[in-house]
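Trainee: I have the sequence and the model open. Can we go through it in short questions?

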Amino acid sequence: MMLNLGPQHPSTHGVFRLVLWLDGERIVRAEPHIGYLHRGSEKLCEREDYTQIITLFDRLDYVANLNGELAFCMAAEKLMGLEVPDRAWYVRSILCELNRIASHMLFYGVYGLDTGAMTPILYGFRERERIVLLFEAVTGARMMHNFIRVGGVKQDLPEDFVQRVNKLTDELKRGIEECDQLLTNSELFLARTKGVGSIDGPTARDYGCTGPVLRASGVKEDVRVSEPYGIYDRFEFGIPVGSNGDCWDRYYIRVEEMRQSLSIIEQAVKQMEPGPIQAKVRRIARPPKGEAYVRTESPRGDFAVFLVSDGGDKPYRVKVRAPSFANLQSITHMLRDAYIADAVVILGSIDIILGEVDR
Amino acid sequence: MTTPQEKKPAKPERATHRREPEVPVAPAALDERGKALAAILPQVFSGLDVQISAAMDEVVLAAKPQDVPAVCRIAKEDPRLDFDYLRCLSVVDYIERLEVDYHLFSLDKRHKMVVKTSVPPDAANVPTVSGVWRGADWYEREGHDLFGVVFDGHPNLRPLLLYEGFEGHPGRKSFLFHEYDEW
């Protein structure tokens, strides 16, 4: 039997269509269809100048906006050979790690819904709201921040930032523990996720999976460590690695990552010192001719930008390597021989953002 | 349906793309791993017609289109290279040629390389590498969608990001933007 899931379906996390071929309750073959959200972002980048493009990158991964902005700005900086001031890097790192927690909190809540638990979304959104309120104080926007600039950040942090972020980390610490206790070891949740949708390390590598999906399969790979960028070599943090590569591992790695991100934020706040927040850049940036490929670790994995410049004030070509795009490919493997009831659980565990899949 | 190409460009062309009179070039600067990799590449690919150079911090290996699967197979399976992770597969339109870039990375050895190949835009055929890395599948479909590069031997080259029946290749420079003025 052929079954069509989506494109409008509450649990497809956006506009995504999945065609399933079934034998009884077992999935024989799955075929994902994407592209419903294709806006031609890469092509649009070719007609905007470097400052304008940042807003386009906000809208790729729309729950981790700052991480997207960072990747693009880093690519331009690499071409121009810019030295970004220390304080700017601390501001970026703190905000990006907060964004990672916010993104994982959304995942946590939505994943609860996917597995049939109603309460986690309330807890997840409560914690996320705290972070979003701080973002609003810093950048002026809850989601589409447009804050990171080529060579630095838009403006310095508000005066009471350290105070607020310290209060926030305390609250988040408690919040994460609460969330963890609520869902992680729940009997029903374990039954839905343990041993479901397994993918082993070599296969995950072959598909180009990155981030929590790859780490859940036991591969210790994190761009912040394997190709450290910015000031990530100044922090001590662990990389959680799973062993079974099933849905529960993918879920728990994200919970663990939130704790690690909190520790990075605490270290960064302690180390941060006053200073300039913007390198000297011409008002209209014109990077030299060449091509730069920059990898960053977004909440979903290896978010990379391939930027080709011909020396003009607009890029010649921008290619976005979106982690969800590669991770989503592996769903055909994960769904094979799974039960139809687990399809949504498996899809949710990849944590796709269709904005960056379709671009 | 009407594609943007069929719409008349009524207005005279504006110079929208401003450049420096003399364009500076970003310098190549390989790190230690990159230098070590560039040193062993001629040995590894001794039987094939490849050129080795560098762009920024990446080692660049230029190959002929028909050699791409062989090059990629060696890159993945040779223990000295061990490129098990296809970071990205992108197409760049240089008008007189289309360039296909395969960004590779080794998760264990932590070195990186780009394989590049160029094809003419009117006969853009490159053999597929989806048999080497399974992850290449969607990237190649995307490249076919947006740039019209035909990846020969690909099991399923149907549109991925665009809808069935879309005409033209929107990634190419010849595919115009909709005409509108910002005020």
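Mentor: Start with helix H3 of chain A: 16 of its 16 residues are buried, so the rest of the structure largely encloses it. Buried means that 20 or more other C-beta atoms lie within 10 Å of a residue's own, exposed means 12 or fewer, and partly exposed is in between, with C-beta atoms placed from the backbone. Helices (H or I, at least four residues) and strands (E, at least two) are DSSP runs numbered from the N terminus. This is a predicted model, in which local features need pLDDT of at least 70, side-chain atom pairs count only at pLDDT 80 or more, and totals for chains, interfaces and linings use all residues. Residues are numbered from 1 along each chain as its sequence is written, and chains are lettered from A and ligands numbered from 1 in the order in which they are written.

Trainee: How far does H3(A) reach from its first C-alpha to its last?

Mentor: The expected span is 1.5 Å times one less than the number of residues. With 16 residues, H3(A) is expected to span 22 Å, and its reach is close to that, at 23 Å.

Trainee: Which residue just after H3(A) takes a positive phi?

Mentor: The phi angle there is about 65°, and the residue is A:Gly81.

Trainee: Which element gives the most to the side of chain A that touches chain B?

Mentor: Contact means C-beta atoms, placed from the backbone, within 7 Å. On that basis 36 residues of chain A are in contact with 32 of chain B. Several elements each supply at least two residues of the chain A side, including helix H3 (65–80) and strand S7 (301–309). The top contribution, four residues, comes from S6(A).

Trainee: How many residues of that side of chain A are charged?

Mentor: Asp, Glu, Lys and Arg count as charged; Ala, Val, Leu, Ile, Met, Phe, Trp, Tyr, Cys and Pro as nonpolar; and the others, Gly among them, as polar. The side divides into 12 nonpolar residues, nine polar and, as charged, 15.

Trainee: Is A:Asp342 buried or exposed?

Mentor: A:Asp342 sits in the loop between helix H13 (331–335) and helix H14 (343–350) of chain A. Beyond its neighbours within four places in sequence, A:Asp342 is in contact with A:Val196 and A:Gly197. It has 21 C-beta neighbours inside 10 Å, so A:Asp342 counts as buried.

Trainee: What is the strand order of the open sheet in chain B?

Mentor: Strands pair if DSSP finds at least two bridges between them. Strand S1 (50–55) and strand S3 (85–93) of chain B each have a single partner strand, so they stand at the edges. The pairing is mixed, and the five strands run in the order S1-S2-S5-S4-S3.

Trainee: Which residue in S5(B) is the bridge partner of B:Leu61?

Mentor: Strand S2 (residues 58–63) and strand S5 (residues 112–119) of chain B pair in the parallel sense over four bridges. Leaving aside neighbours within four places in sequence, the contacts of B:Val115 include B:Leu61, B:Ala63 and B:Tyr102. The bridge partner of B:Leu61 is B:Val115.

Trainee: How much of chain B counts as buried?

Mentor: Chain B has three helices and seven strands, in the pattern α-β-β-α-β-β-β-β-α-β along the sequence. Of its 183 residues, the share that counts as buried is 36%.

Conventions: Contact = placed C-beta atoms within 7 Å.
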